[in-house]
Amino acid sequence: MVDDLARDGGSVEGGTVGGTAASGGAYGGSIVELMTIDVARDPKPTYQALRDAGRARRTVGMFGSAVIASGRQAVDEIFRYPEVYSSAAHAGRLGNVRPLIPIEYDPPEQRKYRKLINPIFTPQAIERWEEPVRKLVHDLIDGFAGAEEIDFSRQFSIPLPSQIFLTLLGLPLDDLPTFLRLKDGIVRPSVLLDLPVNHPDVAALKTRTAQEIYAYYDKVLDEREREPRDDLLSHLLSTEVDGETLTREELLDICFLFLTAGLDTVSASLDTFMAYLAENPERRAEVVADPGNIDNVVEELLRWESPVMLVSRVAMADTDLVGCPVHRGDEIYVYIGSANLDEEELADAGEVRFDRTANRHIAFGGGVHRCLGSHLARMELRVALREWHARIPHYRIRPGTRLDFTPGVRSIGSFPMLLGKGDD
Ligand code: HEM
């Protein structure tokens, strides 16, 4: 998933936007106060403060007047009415020259595109990637077998989803550094340059990187057109619904989105899950003891951690959201992380329970834009957690370390982890 605010939040991680008033749970009123490392590290008190202040309320946004939705009912309503809460209205903030498909379109175009792409990401279609993913997980673990300390992010959670994606696309793993550079040039350009988000050099880097991304994919698509293979790009090239295939520009606009939607989100999930399990050895013991329950563990940690804190929309009409006035043109910050913890929806939302029989979380969003890659993401997380805990049941965050989570999509740049029995 990509979200404009989340992207800007990536820059907040670099310290370019200040303010931590919300870190203790108090919330002063501006969205900037919510986009900090402290909030991203432990967003729950802030989510609670937001809900206590009103499950939908007006605020000062990044781009003018705005509304924050933090309750489940409000968030569901936004997802239910994409014609009122538009995803298309703020297209093009990633240096992309055309809207990204399908996330920067509203229905009916968005639905048309989903109909074309969905078949490539069904659970059945994803199944055959499970074994290659398992192998990649083991290859990465083999790379630090016997080590007492690793950087979990650099050695596992960052490379894993990118390597999986290269494999799915049928590209050589040697392209990993290029792939990561292109992704970061788009997702966190201000961190790379150590400059404020609104600095002209940041916009220039995004534009330059975007051009490189188009060129990179254009070349690969040429190759696949000449010589189709059994990979995701070849499938996209031949996809046809009602006699319609995708144009080259459409293919590029889909592939561009994959790069920004499918990598950091999985890294952030692995980071947040493993930080939680490292800090809660008794919960980790449950995971180790019952690998058959891994699906439930993944669902509950997605709900509990909500690696993607929020998504955004633009209001297309004056309206009312659970009692809060909304004005046409308002930026809408949709706090799925908070909605996932809303006790009005789920009485024991404040408890982590790996034995939930029903889990209606919205960590993958909801409505027409609900995550296209959710089955792939779930499989990656399931395989990674299962294989990791079979081989490495004991691990800890290096004592004295404060992990820095990126606001928006909660990934960690550096995650020092001690492997082996230690105290627990
Ligand atoms: C655990 C990992 C992931 C999480 C938490 C996540 C989360 C999300 C969320 C919250 C949205 C909704 C965005 C919105 O409403 O504005 C979304 C959309 C999307 N995600 Fe994911 N995502 C994950 C992994 C992936 C992967 C692996 C892919 C790879 C293809 C992917 C592709 C997409 C796409 C293409 C959309 C846009 C769908 C549309 O607009 O119709 N995501 N994701």
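Below are questions about the terms used for this predicted model, each answered from values and cut-offs.

Residues are numbered from 1 along each chain as its sequence is written. The model is predicted, so local features need pLDDT of at least 70 and side-chain atom pairs count only at pLDDT 80 or more, while totals for chains, interfaces and linings use all residues.

Me: Why are α10 and α12 called oblique to each other?
Reply: Helix α10 (residues 176–187) and helix α12 (residues 200–226) pack at an angle of about 140°, with their axes 8 Å apart. Axes are lines fitted to C-alpha atoms, for helices over the stretch in contact, and angles run from 0 to 180 degrees between N-to-C directions. Angles under 35 degrees count as roughly parallel, over 145 as roughly antiparallel, 65 to 115 as roughly perpendicular and the rest as oblique. The pair α10 and α12 is therefore oblique. Helices here are DSSP runs of H or I with at least four residues, strands are runs of E with at least two, and both are numbered from the N terminus.

Me: What is the hand of the crossing of α10 and α12?
Reply: The crossing is left-handed. That term applies if the near helix is turned anticlockwise from the far one by less than a right angle; clockwise gives right-handed.

Me: Which residues make the contact between α10 and α12, and how do they divide by class?
Reply: L182, G185 and I186 in α10 meet L205, K206, T209, A210, E212, I213 and Y216 in α12. By class, this contact of α10 with α12 has six nonpolar, two polar and two charged residues. Contact requires C-beta atoms, placed from the backbone, to lie within 7 Å. Ala, Val, Leu, Ile, Met, Phe, Trp, Tyr, Cys and Pro count as nonpolar, Asp, Glu, Lys and Arg as charged, and the others, Gly among them, as polar.

Me: What makes α9 roughly perpendicular to α10?
Reply: The axes of helix α9 (residues 159–169) and α10 come within 10 Å and cross at roughly 110°. That angle makes α9 roughly perpendicular to α10. The crossing of α9 and α10 is right-handed. Its contact is made by P159, S162, Q163 and L166 of α9 with L176, F179 and L180 of α10. These residues of α9 and α10 divide into five nonpolar, two polar and no charged.

Me: Why are β4 and β9 said to stand at the edges of their sheet?
Reply: Three strands form an open antiparallel sheet in the order β4-β10-β9. β4 (149–151) and β9 (395–397) each have a single partner strand, so one side of each is left without a neighbour in the sheet. Neighbouring strands of this sheet are turned by 30° against each other on average, direction ignored.

Me: How do you know that β4 and β10 pair?
Reply: Two strands pair if DSSP finds at least two bridges between them. β4 and strand β10 (residues 416–419) have three bridges, in the antiparallel sense. The bridge partner of D151 in β10 is P416.

Me: What makes β2 largely enclosed by the rest of the structure?
Reply: Four of the five residues of strand β2 (residues 65–69) are buried, so β2 is largely enclosed. A residue is buried if 20 or more other C-beta atoms lie within 10 Å of its own, exposed if 12 or fewer, and partly exposed in between, with C-beta atoms placed from the backbone. Strand β1 (residues 56–60) is joined to β2 by five bridges and runs antiparallel to it. β2 also pairs with strand β8 (residues 331–334), in the parallel sense, over four bridges. In that pairing V67 stands opposite I332 in β8.

Me: Are T207, D194 and S306 buried, partly exposed or exposed?
Reply: T207, in helix α12, has 17 other C-beta atoms within 10 Å and is therefore partly exposed. D194, in the loop between α11 (189–193) and α12, has 10 C-beta neighbours inside 10 Å, so D194 counts as exposed. S306, in the loop between α17 (294–305) and β5 (311–315), has 26 C-beta neighbours inside 10 Å, so S306 counts as buried.

Me: What is noted about phi in D194 and S306?
Reply: D194 has a positive phi of about 55° although it is not a glycine. S306, also a residue other than glycine, has a positive phi near 35°.

Note on methods. Two residues are in contact if their C-beta atoms, placed from the backbone, lie within 7 Å.
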